[in-house]
Amino acid sequence: MDKFPDVLCGWSWEENKLFELALAVVDERHPDRWEVVAAMVGGQKTAQDVHKHYVILLEDLQFIESGKLDHELGETQPCIQVDCTQSVCWTDDDNNLLVRLDIN
């Protein structure tokens with residue numbers, strides 16, 4: 001999972017997880033919220049970086065919840081053919097493969 005999609009503006013998986021945790025524990029009314037969140041994410045992100053990331057994520061969430069998301073995105077999406085006559089158990093290895101292929 002060290003290769004997170006470039007869509008997230010250069011944020012690693014680890015940075016995103018730390019960002020999520022920081023948002024959960026730092027009160028939104030804290031006067032230095034973005035500085036504290038940036039410190040919790042690590043030394044690579046500034047208060048401005050984390051605030052911008054937060055605004056982008058809020059916009060994405062609002063767009064998704066609006067129901068306007070076009071799942072086709074104007075391009076052919078890769079598909080996986082599965083034999084439905086057999087039982088399929090999803091494993092972490094399967095998920096890691098999809099992440100590496102950027103399918104999900």
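Mentor: A residue is called buried under 20% relative accessible area, exposed over 50%, and partly exposed in between, with a 1.4 Å probe and protein chains only. This is a predicted model, in which local features need pLDDT of at least 70, side-chain atom pairs count only at pLDDT 80 or more, and totals for chains, interfaces and linings use all residues. Residues are numbered from 1 along each chain as its sequence is written, and side-chain values use heavy atoms, leaving out hydrogens and water.

Trainee: What percentage of the residues count as buried?
Mentor: Of the 104 residues of the protein, 16% do.

Trainee: How many helices and strands are there?
Mentor: The protein has four helices and zero strands. These are DSSP runs numbered from the N terminus: helices are H or I with at least four residues, strands E with at least two.

Trainee: Which residues are buried in helix H2?
Mentor: In H2 (residues 33-41), they are Arg33, Trp34, Val37, Ala38 and Val41. Seen down the axis of H2, these residues fall within an arc of 130°, so they line one face of the helix. The arc is taken from the directions from the helix axis to the C-beta atoms.

Trainee: What do they pack against?
Mentor: The buried residues of H2 pack against H1 and helix H3 (47-65); a contact means heavy atoms within 4.5 Å.

Trainee: What comes just after H2?
Mentor: Glycine 42 follows, with a positive phi of about 135°.

Trainee: Turning to leucine 21, where is it?
Mentor: Leucine 21 lies in helix H1 and is partly exposed, at a relative accessible area of 47%.
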